[in-house]
Amino acid sequence: MAEFRTVLSDLVLVESPRWHDDRLVFSDWGTGEIVALQSDGTRRTLGRVEGGMPFCLDRLPNGRLLAVTQAGLMAVGPDGSLTAYADLGGLSEFAWNDIVVDGRGHAYVNNINHEFGGEFAPGFIALATPDGPPRVVADDLAFPNGMAVTPDGSTLVVAESYAGALTAYTIADDGSLTDRRVWADLASAAPDGICVDAEGAVWFAEVPGQRCVRVAEGGEVLQSISADRGCFSCALGGPDRRTLYVTAASWSAVMGEGARTGQILAATVDVPGAGWPA
């Protein structure tokens, strides 16, 4: 039975793990940093958002790293500088959340579309491309969170945290999302970040359940790994993509100023990662 091991501690609220350039890249909302965990175990700051947060990360097919911030969708330069990639300001007044970029360069970014902890409003997914303004491609989502694209590039899956479900869309050639359907009903679970593996199963991280769960389309639970704190997001990385990396923290401590319960956890799994994020 797989168990988590701690590979990095003394972090705040860590999110959006991605396996990029043979290293783990993630964001720390508490410090405003984009961080890389090198293969030798050392950490390197790739960029910093002054006075804000690098919410979530992914990369374009050419390897360029993108970061979702309060200012919009930003490109991260080799020197750590952030430059505008897409202006998202006209679509919502509220903070943006997760991102996934597929193999064609379609950058999908979602927004819960209400003040966190305030009155609920349905969220949406926007598409950003280099050749046109961002546009909404899916709506009426109950707190959209982690997103992933299947290995064949045909399907986008999004976690609806307030609906307890993974919802799927078919991706059209122009990046539009159609054929909305329930990919997996997770009952009382609250899925957060997700990733997909080579068998088409999805791993989802869960904060209240303090676990990561692997599910098949239809909702069958294939594997579950428990932690001692909330699991915010997950990614399959390592040389063979059989290492499940998880960003984790104590939720009660996160809500307290200055808490540093954030950790990067890892577990070895049987089925390697595939699809996007990649």
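Is C56 buried or exposed, and what is its relative accessible area? C56 is buried, with a relative accessible area of 1%, where buried means under 20%, exposed over 50% and partly exposed in between, found with a 1.4 Å probe on protein chains only. The structure is a predicted model, in which local features need pLDDT of at least 70 and side-chain atom pairs count only at pLDDT 80 or more, while totals for chains, interfaces and linings use all residues. Residues are numbered from 1 along each chain as its sequence is written, and side-chain values use heavy atoms, with hydrogens and water left out.

For C56, the nearest cysteine sulfur belongs to C234 and is 12 Å away. C231 is in no disulfide either, and the nearest sulfur, that of C212, is 4.5 Å away. C231 is buried, at a relative accessible area of 0%.

Next come the aromatic rings. A pair of aromatic rings is described by the distance of the centres and the angle of the planes. Rings of Phe, Tyr and Trp (its six-membered ring) pair if their centres lie within 6.5 Å, and planes under 30 degrees apart count as stacked, over 60 as edge-to-face and the rest as tilted. Six aromatic pairs are found in the structure. In one of them, W96 and F124 have ring centres 5.4 Å apart and planes at 90°, so the pair is edge-to-face. W96 belongs to strand β10 (residues 96–101) and F124 to strand β12 (residues 123–129), so this pair ties together parts that are 28 residues apart in sequence. Strands here are DSSP runs (E, at least two residues), numbered from the N terminus. W96 counts as buried at 5% relative accessibility, and F124 is buried with a relative accessible area of 5%.

The rings of F120 and Y162 have centres 6.0 Å apart and planes at 40°, so this pair is tilted. It links distant parts of the chain, 42 residues apart: F120 is in the loop between β11 (107–111) and β12, and Y162 is in the loop between β15 (155–160) and β16 (165–171). F120 is partly exposed at 43%, and Y162 is partly exposed at 48%. One aromatic cluster is formed by F116, F120, F143 and Y162.

On a 1 Å grid over the protein atoms alone, a cavity is a set of points where a 1.4 Å probe fits but cannot get out, and a pocket is an open set with protein on both sides within 12 Å along at least five of seven lines; lining residues have an atom within 4 Å of a point. Grid points are joined across faces, edges and corners, and a volume is the space filled by probe spheres set on the points. One cavity of 30 Å³ or more is counted, and the largest cavity has a volume of about 90 Å³. Its lining has 14 residues, with A235, L236, R241, P277 and A278 nearest the centre. By class, this lining has 12 nonpolar, no polar and two charged residues, where Ala, Val, Leu, Ile, Met, Phe, Trp, Tyr, Cys and Pro count as nonpolar, Asp, Glu, Lys and Arg as charged, and the others, Gly among them, as polar.

The second largest pocket holds about 260 Å³ of space. Its lining has five nonpolar, three polar and five charged residues.

Methods
Helix = DSSP H or I, 4+ residues; strand = E, 2+ residues; numbered from the N terminus. Disulfide = S-S within 2.5 Å.
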